[in-house]
Amino acid sequence: MHDVLNRLGLQSLNSGVCSSSWISNPSGGEIVSYNPATSEPLASVMTASRADYDRVIEQATSVFRSWRNIPAPARGEVIRQLGIALREKKDDLGLLVTLEAGKVLSEGRGEVQEMIDMCDFAVGLSRQLHGLTIATERSQHRMFEQWHPLGAIGIITAFNFPVAVWAWNAALAAVCGDTMIWKPSPVTPLTAIAVQHIVNEVFTRNGFPGICQLCLSDGPCVGEWMAADPRLPLISATGSCKMGRSVGETVARRLGRSLLELGGNNGIILTESADLDLALRAVCFAAVGTTGQRCTTQRRLFLHTSIADRFIERLIRAYRSMKIGNPWESGVLLGPLINSAAVDRMLAAVQTATDSGGEVLYGGRRIERPGHFVEPTIIRARSEMPIVHEETFAPILYVMTYRSLDEAIEQHNSVSQGLSSSIFTDRLTESERFLSASGSDCGIANVNIGTSGAEIGGAFGGEKETGGGREAGSDAWKAYMRRQTCTINGGGTLPLAQGVEFDLPEA
Ligand code: UN1
């Protein structure tokens, strides 16, 4: 299994810093990557010091000056080739995601597929970076918008999607003409280095080294330097609300732009008319998939009182049947949490929930074996319990009951996060109510689908403390460019807008 490290070019690993080429002895601290299923070290890498970081940024800003002038479809061609290279490495990179992040194999591969999908999307987009033509009030004038590359941008990603979220940003940024510096999570350095190897091969072969750069950090420092750095016009950051608040504040202080994809506290409402077979599978995947470590993980379940007992019983049976184990073994649905601190946080949340009147209906404990395994957990709770309002990155599902849909939607919207949401219903009136302006207040609202597992074609992100950013599909590309409004006077007079007169006296 560890041959995969060799196949991905990680055999003589040392540096976690890459500008146009690898910086051979970066002088930051060392970080060790562990397999969360065994707690065994996989490899160690050296991270960036401030001097290394400055080298990377200087290179990224300098390469930007030529990359921005390459026609967008030609930039898209490089991303097309990146998509092919990722297809070739899909199984290996997917396995590495499994080894380092602990996701089950199908999810590890799914993550690489998400990168491939992003490349395909960005290739098409490279011929579609279009602006509007706008009617002007002045005769013989023409007004239009055009979009230009923004600059070198910073990409901060989290451990739970160690490669896909980079691709959401990188594929778009590259076709938009930006260069980029990636600071991955210190917990998943190897997947980032493996991606960087693939990127280097493709971009260098095309004569464009240094478009995508990597800057590993042994703590928060590189992220903080990026947030404060006026050389980076945009910082795209994925992670907790706490992290996002700090990045957002620092970037705002220098009037830079930030694109934030932060915590979720996603709920599913099951109405009286819900197809319970459909809902059961959806809830299990949304609440337990990725061991509860997606920002889109379902954390709250609202059951209509008429179906509550029946559904809870089926849910417990389904939880009991789920195979927990090494994520690379077939049939396993639940791998480990990322590290022991995550286990501690989960157990503390379970304790807090029970202390405040919650009742554990299933699970709630650590599993005694190597690695960081826990039982998937169902807790009967009340919506006003403070712990229900917090995002605990673990497979804890809080179950609540309701009588009217209005009441369910009110409870659903009562948390400070606003990422993803779902309703299960067979009634048009209920789904329309959920999708109306007074329905779900989230960036993602689904009907008869769980909260997680969005496709890349839609804009991904959420409201309130989720940060407001939109990444991946739709028109998310606009965040990576600067808009220019252009007005051309093709006539021989100078009419002023709003009918203003400013006639100079005859000379
Ligand atoms: C995240 O957890 O940060 O919709 C992203 C989903 C995935 C992305 C999750 N496509 O669950």
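For residue classes, I count Ala, Val, Leu, Ile, Met, Phe, Trp, Tyr, Cys and Pro as nonpolar, Asp, Glu, Lys and Arg as charged, and the others, Gly among them, as polar.

This is a predicted model, where local features need pLDDT of at least 70, side-chain atom pairs count only at pLDDT 80 or more, and totals for chains, interfaces and linings use all residues. Residues are numbered from 1 along each chain as its sequence is written, and side-chain values use heavy atoms, with hydrogens and water left out.

First, the largest pocket. A pocket is an open set of points on a 1 Å grid over the protein atoms alone, where a 1.4 Å probe fits, with protein on both sides within 12 Å along at least five of seven lines; lining residues have an atom within 4 Å of a point. The largest pocket holds about 1300 Å³ of space, taken as the space filled by probe spheres set on the points. Its lining has 48 residues, and those nearest the centre are A158, G239, S240, K242 and M243. By class, the lining splits into 22 nonpolar, 17 polar and nine charged residues. Helix α12 gives the most, seven residues; helices here are DSSP runs (H or I, at least four residues), numbered from the N terminus.

Next, a helix pair. The axes of α13 (residues 405-412) and α14 (residues 428-435) come within 11 Å and cross at roughly 30 degrees; axes are lines fitted to C-alpha atoms over the stretch in contact, with angles from 0 to 180 degrees between N-to-C directions. The two helices are therefore roughly parallel (angles under 35 degrees). In contact (heavy atoms within 4.5 Å), L405, D406 and I409 of α13 meet E430, R433 and F434 of α14. That contact has three nonpolar, no polar and three charged residues.

Conventions. Parallel < 35°, antiparallel > 145°, perpendicular 65-115°, else oblique.
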